[in-house]
Amino acid sequence: MALQFGLIALDIAASWVRMILALGLSIVFALAVGIWAARNKRAESVLLPLLDIFQSIPILGFFPFVIFAIYGPPNSLLHNFIGANLAVIVLIFTSMSWNIAFGVYESVKAIPQDYADLMGVSHASGWQRLRTLYIPASMSRIAYNTQISWAVGLFFLVASEIISSGSANIPIPYGIGVAVTQYTPSTDPGDYALLIASIIVTVVVWRFLFLREFALWSEKYKMMEEPREVHRDPVMRFYSWVNQRSVSKLFLLAHGRGVTRFTSSIARFRKGLRYAVLIFLAFFLILIAATLAYSGTLRISSIPSAATLGAGEVSAIIALAVSFVRVWYVVAICIAIGLPMGIVISLNFRLYDTASPILEVISSIPAPILLPAIVLIPVIGRNPEVVAGIVIFLSVFWYIVFNVMAGVRTLPADMKDLPHVYKVGRASAWRNVYIPSSFTALVTGAITAVGGAWNALIIAEYFQPDPKAAPVTQVSVGIGKMITQATNAGNNLTIFLAVSSMTVLIVTFNLTVWRRLYHRVTQRYAYNR
Amino acid sequence: MSQVSGKLAAGSPVVTVDHVSLDYYKEKEPLPVLSDVSMTACKDELVAVTGPSGCGKSTLLRIIGGLIKPTSGEVKVLDSAVTAPRDDISMVFQNFVLLPWRSALENVLFGLDSRKDLSDAQKKAKAESALEIAGLSGFESVYPGELSGGMKQRVGVARALATDPEVMLLDEPFSSLDDLTAERLRKETYTLLISPQTSVQTVILVSHNVEEIIELADKAIVLSARPAHVVGELRIDLPRPRNKKSDEFFQWVDKVYSLLS
């Protein structure tokens, strides 16, 4: 027991070191990119859409490329312990950094012109401006966004550790994701329970000892007009995070109106979008080139013919279609449960105060660590389709329920009184007031949930803790399964086809369907215009 | 028209607020909001309630409307105690509170949603006539997002009128409108409510705008800061129409201000 406990502590410590390094890297990146975008109009027009594309693609699918690019083939410089860890850290970084960067950008953008004039009058150097104005002004948003980035990062940490130690078979000796692949709840339930309990306790303690303290400390850097109370309410924190993501999405979605604060930026954003897409494509091509080069050095004969390319693409599209349905039916279930649940909780103050901290703790448990236990549930655990559904559900349900809760909570009190004043029945109050007034919050929550679901697929569709043994659970067809299996087999061509098809689908879907839907909903259902 | 109208003699009380107190509980510590408030609103009267901001005047209005239960005391409308929202009490809100996803007509229909005694056609006819008396004929199918502030509040008034209330509660109804619009709507609303054309017997107006009160009210109830109690009850017997530039008008304004400070 003591030995197990020591090992688990080591796993948690290793994971936390990776998380902290990724967070540090994210903050440095966010400051550089956020300040640059806020101070330079040309940078702004390209960087913002670029950040937006990066935060909307399922970054976990790119993990094999990250492994190839950093860890590399056997004879390369980083093909060792350092490279393996670096790959994991970079992946966590990609899940954390975008939203902190948007936070920095918005903070620096919001600095009143007077302050900039003051800097001009006092002949402050670039470094002085950075140290005395831009960084302090961004501090509270960095701390605030870190609270959510940490929860999101944990999911990516666990997922990437599972993929590394499992399918990809690269040397990641310790970590909570690694531990999850080692402790099978069927053979040693005690150890597994101890692991899960330790992770939950660590997550909660860390929240209060570090993330909360960081947020409270950062309040002294707040500019006057920002509200002070928000930090203490986990639901509102989630809400502002999700909506901030969709502030950036609004650039894509807005048809010239909407967020007044950013109206002038929208036109610039549109102009820059083209360049951003080009840069993104260039980045993508470099990835392929690098991957093919590695394949070339490994297996000359593996340069693909047109026939294999075509066959690969066809199977990628089929897998994508199946996963698309999977993502959507789970999100539909999340909405069916989360919408009424969020409304009921938020209409009752006492219930809200009790439920939100409980939901916050549950939501901060990275769903993949529960997968080995889910598989053991009688009957449904043996159905891989149900297991995948549950893992995706646990990963994204929170985006829906928290957003609906916050949406109802921010409704004016008079609006909540309205059904009582006119004594309309409960059914009518729900149909005419509560449900429609949650629609905008629901759609922004759903955009984020669908994005999260594509990431969750990579773990949910195919879980193989031991690369030499059969997978614990696998669906029959799916893009996540395709990517994980190809990573396992070192089949770069298949990874490339699968990931690029998925990326194209998601970016296109965002630019067309989500954009229209969001526009319609904000036109009709946004309250208080 | 309502069944009770006409039976009441002018000046007989419609709303009676009888020693009402309200405490909020913050971490189990009682926080007094209203302390022993009593007032009446009689037939064909417009009673204005005013007081320093945050004193609880809107809370008092919500107690009268049955939305909040007082800690002690009682509110009676036409001799029966108000324990929950009732069909004979209606309310107009400061921020209109229209459903943005329903047209003007549908918003008024929402107020009639609970009326089981009316057919859909009757409801529609009622809603249309309410919109018409509120000065909105032709705007039935327009959505709130396309209406100006003044027109939004007209929908709010129409919605409240459509239910044929005896008691009309107005919660700062003109304070989120611009001056010119507010001026016009104030006059029209008064004429509309205190007329035999509608079922309304009495109007209670919550406002922090002293000139508005002197212009409209027959009686002004002045509340103190928290916990609010009645510091003055003034019968404003200026003849109507009231001239806002007259000396008497200013004397009344001063009287209310001196009670407020």
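Predicted model: local features only at pLDDT ≥ 70, side-chain atom pairs only at ≥ 80, totals over all residues.
On the α11(A) side the contact is formed by A:S323, A:V327, A:V330, A:V331, A:C334, A:I335, A:L339 and A:I343. These residues meet A:Y434, A:I435, A:S438, A:L442, A:A446, A:A449, A:V450, A:A453, A:W454 and A:L457 of α16(A). By class, 16 of the residues in this contact are nonpolar and two are polar, with no charged residues.

Between the chains, 20 residues of chain A are in contact with 16 residues of chain B. The side of chain B that touches chain A comprises nine nonpolar, five polar and two charged residues.

Two open sheets of chain B were examined. In one, four strands are arranged in the order β2-β1-β4-β5 with antiparallel pairing. Strands β2 (29–42) and β5 (80–81) each have a single partner strand, so one side of each is left without a neighbour in the sheet. Helix α1(B), formed by residues 57–64, lies across β1 (13–26), β2 and β4 of chain B and runs at about 120° to β1(B).

The other sheet has six strands in the order β6-β7-β8-β3-β9-β10, and its pairing is mixed. Its edge strands are β6 and β10 (230–235) of chain B, each of which pairs on one side only. The twist from one strand to the next averages 15°. Within this sheet, β3(B) (residues 45–50) and β9(B) (residues 219–223) are paired in the parallel sense over four bridges, with B:I221 as the bridge partner of B:V49. Parallel pairing is also found for β6(B) and β7(B) (residues 167–171), which are joined by four bridges; here B:I89 is partnered by B:V167. Both faces of β6(B), residues 89–92, are covered. B:I89 and B:M91 on one side, and B:S90 and B:V92 on the other, are all buried.

Strands β6(B) and β7(B) also take part in the packing around helix α4(B). This helix comprises residues 149–162, and its 14 residues reach 20 Å from the first C-alpha to the last, close to the 20 Å expected at 1.5 Å a residue. Because 12 of the 14 residues are buried, α4(B) is largely enclosed by the rest of the structure. The buried set consists of B:M151, B:K152, B:Q153, B:R154, B:V155, B:G156, B:V157, B:A158, B:R159, B:A160, B:L161 and B:A162. Besides β6 and β7, the elements of chain B against which these residues pack are α2 (104–111), α3 (120–133) and α5 (179–193). Just after α4(B), B:D164 adopts a positive phi of about 55°.

Key
Residues numbered from 1 in each chain as written. Chains lettered and ligands numbered in written order. Contact = placed C-beta atoms within 7 Å. Nonpolar A, V, L, I, M, F, W, Y, C, P; charged D, E, K, R; others polar. Pairing = 2+ DSSP bridges. Axes fitted to C-alpha atoms, helices over the stretch in contact; angles between N-to-C directions. Buried ≥ 20, exposed ≤ 12 C-beta atoms within 10 Å, placed from the backbone. Expected span 1.5 Å × (residues − 1).
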